[in-house]
Amino acid sequence: MKVVIQRVSKASVTIQDKKVASIKNGLLVLLGIVNEDSQEDIKWLTNKVVNLRVFGDENEVMNKSVLDVSGDIIVVSQFTLHASTKKGNRPSYIKASKPDIAIPLYKIFVNQLELSLGKPVQTGEFGADMKVELLNDGPVTIIIDSKSKE
């Protein structure tokens with residue numbers, strides 16, 4: 001399971017000209033799932049996301065988490081995070097899970113984030129053509145892979 005986390009001043013997701021998610025201060029989380037992902041990956045990764053200290057404290061030092069600042073989260077499914085570009089110029093997405101595996105894990109990930117955050121998490125729509133808008137604050141962008149745990 002891989003995420004790209006962006007600290008945002010605002011973010012939104014639009015599908016077919018309808019805004020389906022919108023937040024102010026918080027995190028936009030792009031989520032990629034592979035077949036080997038499990039409940040352990042979800043537990044470890046959601047804990048990282050909500051406790052990641054990427055928000056400024058009173059001295060503008062990144063010492064606060066999304067929990068500490070009462071921020072919001074949008075999660076967007078992003079199978080292209082598992083693109084392989086090793087051969088040729090056209091990315092291969094063979095590592096990314098198919099919907100029958102990915103959708104249940106995606107839903108569990110979002111549910112676990114809601115439990116950890118203590119409030120609803122907004123989402124895009126799995127498999128939809130989404131327009132994601134964001135104002136990256138900082139910019140701060142963090143990539144975390146549950147398989148490498150770096």
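Residues are numbered from 1 along each chain as its sequence is written, and side-chain values use heavy atoms, with hydrogens and water left out. Since the model is predicted, local features need pLDDT of at least 70 and side-chain atom pairs count only at pLDDT 80 or more, while totals for chains, interfaces and linings use all residues.

Let's start with the backbone. Most residues other than glycine have a negative phi, and most peptide bonds are trans. Gln16 has a positive phi, near 50°, and sits in the loop between strand 1 (2–15) and strand 2 (18–23). (Helices, H or I, at least four residues, and strands, E, at least two, are DSSP runs numbered from the N terminus.) Gln16 is exposed, at 74% relative accessible area; exposed means over 50%, buried under 20% and partly exposed in between, with a 1.4 Å probe and protein chains only.

Ser70 also has a positive phi, near 55°. You'll find Ser70 in the loop between strand 5 (62–64) and strand 6, and with 56% relative accessibility it counts as exposed.

Now follow the chain to Ser77, which belongs to strand 6 (residues 72–77). Ser77 counts as buried because its relative accessibility is 12%. What does Ser77 touch, not counting residues up to four places away in sequence? The list is Leu31, Tyr106, Glu125, Phe126, Gly127 and Met130, where contact means heavy atoms within 4.5 Å.

Last stop: the peptide bond joining Gly138 and Pro139 is cis, with omega about 0°. Pro139 is part of strand 8 (residues 130–145).
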